[in-house]
Number of protein chains: 8
Amino acid sequence: LIGRLEEILGRVRDGSLQPAEAAGLVSALQDGSMGFAMLDLQRGSRQTLPEVVLAQGKTVDGTVAIVSRLHEKCGFAMATRVPDDAARALASTFPGGRYSALGRCFAVGDRMEPPEGEGPVAVVTAGTSDLPAAEEAAFVLEEMSARVERVFDVGVAGLHRLGGRLDTLRSCGAVVVCAGMDAALPSVVGGLVQCPVIAVPTSTGYGTSFGGVSALLAMLNSCSPGVCVMNIDNGFGAAAAVLRLLRGAPARGRV
Amino acid sequence: LIGRLEEILGRVRDGSLQPAEAAGLVSALQDGSMGFAMLDLQRGSRQTLPEVVLAQGKTVDGTVAIVSRLHEKCGFAMATRVPDDAARALASTFPGGRYSALGRCFAVGDRMEPPEGEGPVAVVTAGTSDLPAAEEAAFVLEEMSARVERVFDVGVAGLHRLGGRLDTLRSCGAVVVCAGMDAALPSVVGGLVQCPVIAVPTSTGYGTSFGGVSALLAMLNSCSPGVCVMNIDNGFGAAAAVLRLLRGAPARGRV
Amino acid sequence: LIGRLEEILGRVRDGSLQPAEAAGLVSALQDGSMGFAMLDLQRGSRQTLPEVVLAQGKTVDGTVAIVSRLHEKCGFAMATRVPDDAARALASTFPGGRYSALGRCFAVGDRMEPPEGEGPVAVVTAGTSDLPAAEEAAFVLEEMSARVERVFDVGVAGLHRLGGRLDTLRSCGAVVVCAGMDAALPSVVGGLVQCPVIAVPTSTGYGTSFGGVSALLAMLNSCSPGVCVMNIDNGFGAAAAVLRLLRGAPARGRV
Amino acid sequence: LIGRLEEILGRVRDGSLQPAEAAGLVSALQDGSMGFAMLDLQRGSRQTLPEVVLAQGKTVDGTVAIVSRLHEKCGFAMATRVPDDAARALASTFPGGRYSALGRCFAVGDRMEPPEGEGPVAVVTAGTSDLPAAEEAAFVLEEMSARVERVFDVGVAGLHRLGGRLDTLRSCGAVVVCAGMDAALPSVVGGLVQCPVIAVPTSTGYGTSFGGVSALLAMLNSCSPGVCVMNIDNGFGAAAAVLRLLRGAPARGRV
Amino acid sequence: LIGRLEEILGRVRDGSLQPAEAAGLVSALQDGSMGFAMLDLQRGSRQTLPEVVLAQGKTVDGTVAIVSRLHEKCGFAMATRVPDDAARALASTFPGGRYSALGRCFAVGDRMEPPEGEGPVAVVTAGTSDLPAAEEAAFVLEEMSARVERVFDVGVAGLHRLGGRLDTLRSCGAVVVCAGMDAALPSVVGGLVQCPVIAVPTSTGYGTSFGGVSALLAMLNSCSPGVCVMNIDNGFGAAAAVLRLLRGAPARGRV
Amino acid sequence: LIGRLEEILGRVRDGSLQPAEAAGLVSALQDGSMGFAMLDLQRGSRQTLPEVVLAQGKTVDGTVAIVSRLHEKCGFAMATRVPDDAARALASTFPGGRYSALGRCFAVGDRMEPPEGEGPVAVVTAGTSDLPAAEEAAFVLEEMSARVERVFDVGVAGLHRLGGRLDTLRSCGAVVVCAGMDAALPSVVGGLVQCPVIAVPTSTGYGTSFGGVSALLAMLNSCSPGVCVMNIDNGFGAAAAVLRLLRGAPARGRV
Amino acid sequence: LIGRLEEILGRVRDGSLQPAEAAGLVSALQDGSMGFAMLDLQRGSRQTLPEVVLAQGKTVDGTVAIVSRLHEKCGFAMATRVPDDAARALASTFPGGRYSALGRCFAVGDRMEPPEGEGPVAVVTAGTSDLPAAEEAAFVLEEMSARVERVFDVGVAGLHRLGGRLDTLRSCGAVVVCAGMDAALPSVVGGLVQCPVIAVPTSTGYGTSFGGVSALLAMLNSCSPGVCVMNIDNGFGAAAAVLRLLRGAPARGRV
Amino acid sequence: LIGRLEEILGRVRDGSLQPAEAAGLVSALQDGSMGFAMLDLQRGSRQTLPEVVLAQGKTVDGTVAIVSRLHEKCGFAMATRVPDDAARALASTFPGGRYSALGRCFAVGDRMEPPEGEGPVAVVTAGTSDLPAAEEAAFVLEEMSARVERVFDVGVAGLHRLGGRLDTLRSCGAVVVCAGMDAALPSVVGGLVQCPVIAVPTSTGYGTSFGGVSALLAMLNSCSPGVCVMNIDNGFGAAAAVLRLLRGAPARGRV
């Protein structure tokens, strides 16, 4: 949004746009009302992340309409938890869009410039079943121009797999750990790195995995201090948390 | 019980006891009826473990009476989850008894001869709060003449602590792992040893540890295959399971 | 894996393979990295069981690819919880494969030699609805060359059915008991045999069976000491636990 | 109440009481209003059981007042779940009262005549920890002049104990089974007798016994058809259910 | 079964069957083993109800095979929770069978003679959504030759509906009450009748009805003493409980 | 607060107070900051109820301090869930205070004038154990000058008790129903009256009453439409809801 | 119904209908018995809302039959939670019916006259996923001739959206707030308005939203006093509660 | 620890310490073994936080011994969840220690130098009952030399209270929000600030607050993206998470 705003203001400054017209454009820019939905177009500047569409539970038409409006207003739009039919409709509406089948995410429009000097973010999984949440986190981070290091399938049943990737983890500014079942991985990672660890429980497993509840509880009880926890399968939330910690602090000083 | 039975039958054979008297003694030996409780005096031969008294929920007098009867009939008696007042009463009734304050266990009478060639059993804890369950398991095992290796306070937040004890673990015939909170330790241990791993969730922690339920769920979902799980805080059950696997198989062949 | 390793080393010794070539082969042998999955090819030697593919939650293509890689590297591969479409794809890829429709398992490649003098393992069910978990356990055990005694449909509502099979149970080195609903069977079996009892709750029943949770809780509270519990429907885990106790102890002495 | 009513009417018939006085007495008899409680004095005739006072959660004074009122109006009063201090107060108020410390019940007044030809009721426990619920059921049944057979401590870990009491069970008109933890006993009993089986889960055990919930779930999922279940520790309810089935059917015919 | 047994023995007595042949027939009669299932053919005499097939969770072929075997051996067979496809297969295999689409039950073969002088049983529902459980109970009762009074749609939101049927309820030997959601009906009925009340929670409603758990909990906490509770939707179990109380008591005396 | 504000403004108007002084008084009046707590002094005008102190979980000194400040600022203060020691301290600090031991509430200061023409509110209980929540609701309502009709101990096990009070219920503007265990009463009441029904689950009972959860669930699933539900034991919340509906609607028209 | 009754009585008065005929009509009018369902035709006068059909869980034919009967008897009928196939059948049976696809509601027949001077009711949602419950509430209210103000998509993540609609909320006689996930909106609204707030948790979200349970719990624990809570997704119940408070109080005085 | 290590190495460099002596000192420095506990003395350098003692569940003597050892080895020691008796023992052992009665924390030894240019951290509470968790977080942060801004008692029932502190929140590098019951505050704060938000559910409230579970669930479902969640009452964990994000990133670049 801010980009579009600056563009309008720039055109006012260089005379290619009359102030009165500009006022109308700015006003339209901020008008998120769609009758059945009230888009939060200013959110980008408030939360380091623009409003993102949760496609699950919406009709295909509704999803396409909201993505279109956001794209039109802000020059960029992103949707998560996109069902297959909505993904097909989005792809045909926006041929230039980017889509992750594994992460069930869709984005269209220009990515921002990556912030200078920002370190990479590690996205880690215990097993292959944890990939959807991990790819959701990675997709959102990459769309927001963050650098992502994928460290997949390094669960604790075979500790040597994690050992081989430790240097990568220690070079990152934050680590997102996606794990289901016993969710032992975030505790082990939390004991090996100093940077923030965001744990995402995944709904893998069967029986007493209870759709991710066991993993969630293990993470909330992590014996490594300072491990933060997100909702089950909430890779998007983990990405948002990472963006808050990378970019959300006030300008003066480090924090 | 079998020992006492063999003693009686031996005395019949050598003539020091008349068959009729012997019949009475054997009958008394097997008479577990106490009015309010029916002791299972034959259990020792059926399950590799004699009947053990769960003192919790019994009156002090009831506990002392049952322990006395078992001791009288079988020459050995053991009680677990012994409250403080029952422990004091047992200690004063049986000055030669053995008591673990940490494991809340009491035993009196002669231990059996340790089986020949039986390897040690590791009892492992993640933290100091897991000690009561671990000591309960160790007490029962030692009363049954098993050798116990204690490997305490080696939780995964500092993996190097476990690393230093790996040789010990790998020399054992079974490993009992007591852990609460995220209970990540049994999965890590299960990935490092080949022998049976018996996991005991402990009721440590607060909030979402839910009195050990989180640890229980993590253990049931262990990513290391073949980890067996006991009830929360059930060190006694873990010991019983170890005795089944060390001694419970039929005599012919290895198993 | 070890078999393949020995074969390579044997060829080095007899001169049919150059050390440099052998080094490459061994390295390839240990290379479990597949981009989206990091296979744990050494697991066989660490845990008495090679890595087994959990097909549920994977794409058909992914399952076939991982099974193929494991088969190629280790000469043997096994998958559990195989959905129907994956089963068809595996069967057409590996015409010589072995498949259990009831246990939803698939295996391909050479079984190891059965260990000498190893006793049989009983796999017991309370009712016909418990068969899938039981057959999963039996399939895995038989693929690992263990002997299995099936004792099916002997639930406690008709105790005479169990009575007729007691001799079989008492001849076994371990008993796996699969039961749902009230899960009373493991407690009764645990009171009748001395060997290890591994209880597998099954997701049978309706209403308050809660997908196997009631059975799980009954098993965790078994009044027969030393009954070990696995995750709901986890026949595979029970087999893994049995293999740990049959074969996982260190070489010296009994244990 | 009906007894008192008949006494009044009898006195009217034999002339010792004037109809007008009788009307006042009957009216007072039916007046259950106590300001803070509205006693249900007619319940005895409606439900085969008079109103019984749940002393838990009431003040000592309140309990004594309600028991006194019931006793005065109906010639009989009973209280369950009586805390120690209330028990002492009741005992000193009603020196002729009957009290069960184990069942925490108190009764005072005349018992009714036992119904002719009514068979006994078995009250069964799995272990000694189940005694409080069992004694509550037995106390209430005996106060209502039913015959009770106590069959205690016959849990399934040692099936031979139950076997020895089978003839007793089969001679009874109903069986109340009190069990905690895995609650396997009602299923086994239900498979061995044809009469009604009322299962009472007890809050024994620890950890995953969850205060009796595991036992409750096992009972609701009993593999023996027709086992009825009561609330946890609700021996009183089991007695009430037995009285309904023994005495609650309409007069004509068997039922 | 007993009927068939008597027929065989009768033919022995009248000479139409040789004792040796009869022995074979009796033996076959009692042979419940089917390889994958061990039928409990004697159950009828042990529990007032023959073995009934739970069709849910079985293959169509398996259900037809077991029903056929039971029918052949006992002259009568019944299945509950029959899925649509199994119902069609049963109907085409047994053209003379009886089927309830609402109760999802199937039966074939001769019903027994109704016991003399046995009163009716009321089957009550709170709403129309409770009909499946109610019809399951009614079907089983009627197949066992009990008389059933249906009292449907009399929930407490309109108490006058229940009031109009009170005489019917009071004429019955037992009342089965099926209710979901708040399950207030059994408490109200329990306060109005003296006979046994068997409460069946149903999985109606949405949200916090939690598939019948709310109804179950309300029933277990009924303020009317002596209300017995079955598993959710377990109309079959309620019928079995009724048969126990109507017919399960020993022959001498009332009970 | 508004009363005090009007008094200040009145004194400004009649000249007895200078505007500058008044400004200071008004400012002080609105200053809720106490260092560790920020009182919401304006809440009275926003929510028809002034801020009420939840004494549970506060120190005795903290409770007395906050009540004193509220009393000083607003001329009235009320506290709920007051522990015994805090009640004694409040009573000695405010000798003119009003206290309900049963409802654990304390109030001090002048009650407002009762609104003209406002009908009574019924507070109903199923049993005597529900009195604390009911008295909490009644106390708060009466302190806010509402008229309260107490209808106690009219649970559905004896419907005639409720029948006798129906006219009272139907004369009220709202009914608060406090019930535990099966919580059948609100559904019955909701079917008999047309006015708003506010249901308060109480933490009575034992076992599966789960501290009021069973009652809560039954109420949320009430078969009488439009029954509103509060938190367990939250008589205060019920009173607040009643005040919203009696007095919270905008001034114009009925609503 | 009352309308139809008055019409009949009016025709009697004006002589167009004979009393005997009228008696038959009135009797038929009140005859809700349909064999499998007993309609509560008088409910309209008892509860401010006529009986409404819960179509979910009924067959299409059953739903159409009951709606037809209600329409025929009362001149108006309404159904909620109408599945798609039932909606199509209703629309073709009643071409003049009114249908909300979003709210899954159907109504046919004449609406009553709107009560004079009744203020509007606000129906508020936090997000677009809450629309089904909100539209169910709005549909029922509008069918009952209430005025509805829709205030949609004003969740607390962007408080400015709510701020812009505050005047609307404050002009209403009651506010229904539909929210899922964290359900923070009712607490914020409850702090900003004085009128009754009815909170409806919705089953939106994933993972730990647990189908609306998280939202339900947040609402029951609202820090704004007097927020009333309905079952999950129960927009119908919220409308019924609003109708009770708008119209259910006795005629004399305000309440 | 690193400070002590540098001091030793500095003394080696300046010649005041012999290398051999230094080796012994360093070795002792790293020796965490205490027999019953294995201290993780290196944790400070691995996780930005030294090992902190969880005093709850330890004996008073054990707590004092571990704190003493840590203090001796590292020059600093801290304990959380300190019971009253342990607090008294620590205070008398370490007269110079720092203690927070509200936060139940104790620390002794030299604090590190505050990092240059590090912004403040806001610790926010919804109500006064949330203070213990908040003070635990603040104590740990301040002991680690972070700057803390306390923003207390600003729950959403009165939004104006939060509004007045918004500038403070927006000047901080991270916000820790402690809230119980409906836990609406983190969602509102998360919508108003861009920096990381760490949510700590507190075990305040009663009934359905379920000891903080309701608050936890609301936080996990926050409609403001990127809110991280800790275990219930885990202020310590929140502080640790803040330290990870303030100080845990690798040295090069911003992250």
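1. A friendly place to start is the pairing of chain H with chain A, where the count of salt bridges is zero. The term stands for a side-chain nitrogen of Lys or Arg within 4 Å of a carboxyl oxygen of Asp or Glu. Please keep in mind that this is a predicted model, in which local features need pLDDT of at least 70, side-chain atom pairs count only at pLDDT 80 or more, and totals for chains, interfaces and linings use all residues. Residues are numbered from 1 along each chain as its sequence is written, chains are lettered from A in the order in which they are written, and side-chain values use heavy atoms, with hydrogens and water left out.

2. Polar contacts do occur between chain H and chain A: 11 residue pairs, both at pLDDT 80 or more. Such a contact is a pair of N or O atoms within 3.5 Å; within protein, one must be able to donate a hydrogen and the other to accept it, and residues adjacent in sequence count only if both atoms are side-chain atoms.

3. Which elements of chain H supply the side that touches chain A? At least two residues each come from helix 3 (43–47), helix 9 (185–192), strand 8 (197–201), helix 10 (213–220), strand 9 (227–229) and helix 11 (235–247). Helix 11 of chain H gives the most, with eight residues. Helices (H or I, at least four residues) and strands (E, at least two) are DSSP runs, numbered from the N terminus.

4. As for extent, 48 residues of chain H are in contact (heavy atoms within 4.5 Å) with 48 residues of chain A. The buried area is about 3900 Å², with carbon and sulfur atoms giving 50%; this is the accessible area (1.4 Å probe) lost on putting the two parts together, summed over both.

5. Chain E superposes on chain F by a rotation of 180° with 0.0 Å of shift along its axis (RMSD 0.1 Å). The two copies are therefore related as by a two-fold rotation axis. In chain E, the C-alpha of E:Ala184 is nearest the axis, 2.3 Å from it.

Definitions and conventions: Least-squares fit on C-alpha atoms with pLDDT ≥ 70 in both.
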